[in-house]
Amino acid sequence: MQHGKSCFFVGIGGSGMMPLSMILAGQGAKVAGSDRSLDSGRLTPKFDALRTLGIDLFPQDGSGIVSVEQTVIASAAVEDHVPDMVCARALGCPQMTRAELNAELFNAAPMSIGIAGTSGKSTVTGMIAWILHTLGRDPTVMNGAVMKNFVRADAPFASALVGRGDTYVSEVDESDGSIALYSPKVAVLNNVSLDHKTLDELRRLFGDFAGKAATAVVNIGDPESAALFHALDRERTFTFAVEADADLSADALSPEPFAIAFDLRMAGETRRVRLAVPGRHNVANALAAIGACIAAGLDRDAVCAAIEGFAGLRRRFELVGTANGVSVIDDFGHNPDKIGATLDTLHQFPGRVLAMFQPHGFGPLRSMRRELVDTFVTRLRPDDLLVLPDPVYHGGTVVREVTSADIATDIAAAGGNARHIADRATAAAYLVAAARPGDRILIMGARDDTLSVMAQSMLDDLAS
């Protein structure tokens, strides 16, 4: 695909599509693409960044697909009737999914590290990327989030690295089953919980993925992952856990508002590690990254020293700022595990949580309704406040069987302080008006980069 070949990304602005297009462009492919957000004039800085890499952008009207020599890569969100796809079929262009292309690059690498799990994939990928970079391995990295360590004026959306080393690092997605395409040398299994598929489907997908690896790095502190561990070859498995016995374990956690320290134990030795990102869940993420890098042949002490420099990801418990005593935090939380981890981290310190959760689709609301309600009911405190605008919607056909209003009603019926405010801007203004010094405003949601713009706008309103 790379080295002068021509490819066209339909939905190039997506969190999985953009870094892959950046990797191909960096490897010498001729890259072009389209996106409905580009057509609607949204997220202009993102598309400007792609243009600076020499990537040509077109309206999503078929005008960019002109030759059978182009391989067309489509986002999962792109329907068959989109003009680009109609054009590709008419011309007979070869077609691939994002996952098929990424798996092709991943499986061809001499050292491939795949990160799987319901939660924490992007963070673990970013941690591994920073460790490998710091230790001179010059990896190629495909991440679904912007890695702060690599952001520069000429790389504002650093969700990919194009390295000259032999290592390819990528998060792998179970939501569409494409995890089955990957054959990792090192497989990380961080956790397993309900998200896009049933637990039985997830157990099979994650178990098969870990079973294919030369070395599987498994979180046995997670009950579902621990159950899968027992079916794996112990000689090819490296275990980790927080506050539990494992090959690599963490104890004596010392949380800070935006950091955490812990004792790392391995082979009878202990080392104190301090992360520049907060929360118990990030300790588990760090163990996963450290374990993967050790499995890839790096020195443990050098790995532990390097991870302390990891600066985090955008939209992963990201402090946007503080104004008039109110902090605004932007977070990717969109499933019960992620939301629960973020709320637990905030509740380790004083102050109300004023949360806005924008669901990332009507399908997830239907499949996770009970679990989302349980998470908010049990993790929010009596003086916290939750507002839910309508789900993000970028077009296409959707079944609106379960709505934000239904979730808010369920939470309120169980005693939680939640309300549905359909319009997102109105919901944001409601939280700003309700905030008082000491509060934390938390913005949560996926598949919508404009949430970050809104979070900054809320901070500006608090300061005015």
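A: **The open sheet and its surroundings**

Six strands make an open sheet with mixed pairing, in the order β16-β17-β21-β18-β19-β20. Its edge strands are β16 (318-323) and β20 (418-420), each of which pairs on one side only. On average, neighbouring strands of this sheet are turned by 15° against each other, direction ignored.

This is a predicted model, in which local features need pLDDT of at least 70 and side-chain atom pairs count only at pLDDT 80 or more, while totals for chains, interfaces and linings use all residues. Residues are numbered from 1 along each chain as its sequence is written, and side-chain values use heavy atoms, with hydrogens and water left out.

Some terms for the sheet. Helices (H or I, at least four residues) and strands (E, at least two) are DSSP runs, numbered from the N terminus. Two strands pair if DSSP finds at least two bridges between them. Strands of a sheet pair through backbone hydrogen bonds, either parallel or antiparallel.

Strands β18 (residues 353-358) and β19 (residues 385-388) run parallel and are joined by 3 bridges. Ala355 has Leu386 of β19 as its bridge partner. Helix α14 (residues 424-434) packs on the sheet and touches β18, β19, β20 and β21 (440-445). Contact here means heavy atoms within 4.5 Å. The direction of α14 makes about 175° with that of β18. Axes are lines fitted to C-alpha atoms, for helices over the stretch in contact, and angles run from 0 to 180 degrees between N-to-C directions.

**Salt bridges**

Side chains of opposite charge can pair when their charged atoms come close. A salt bridge puts a side-chain nitrogen of Lys or Arg within 4 Å of a carboxyl oxygen of Asp or Glu. The count by this rule is 27 salt bridges.

One of them links Asp344 and Arg379, at 2.9 Å from N to O. Asp344 sits in helix α11 (residues 336-346) and Arg379 in helix α12 (residues 362-379), so this pair ties together parts 35 residues apart in sequence. Asp344 is partly exposed at 35% relative accessibility, and Arg379 is partly exposed at 29%. Buried means under 20% relative accessible area, exposed over 50%, and partly exposed in between (1.4 Å probe, protein chains only). Elsewhere, salt bridges with shared partners join Asp251, Asp263, Arg265 and Arg272 into one network.

Lys121 and Glu174 form another salt bridge, 3.6 Å from N to O. Lys121 lies in helix α6 (residues 121-134), and Glu174 lies in the loop between β9 (167-171) and β10 (186-189), so the pair ties together parts 53 residues apart in sequence. Both Lys121 and Glu174 are buried.

Arg51 and Asp48 make a local pair. Their closest N and O atoms are 3.1 Å apart. Both lie in helix α3 (residues 44-52), 3 residues apart, about one turn of the helix. Arg51 is partly exposed at 41% relative accessible area, and Asp48 is partly exposed at 36%.

**Cysteines**

A disulfide is a covalent bond between the sulfur atoms of two cysteines. The cut-off is a pair of cysteine sulfur atoms within 2.5 Å. The whole structure has 0 disulfides. For Cys87, the closest cysteine sulfur is that of Cys93, 7.9 Å away and so too far for a bond. Cys304 is in no disulfide either, with the nearest cysteine sulfur, in Cys293, 9.9 Å away. Cys87 is partly exposed, at 25% relative accessible area, whereas Cys304 is buried at 0%.
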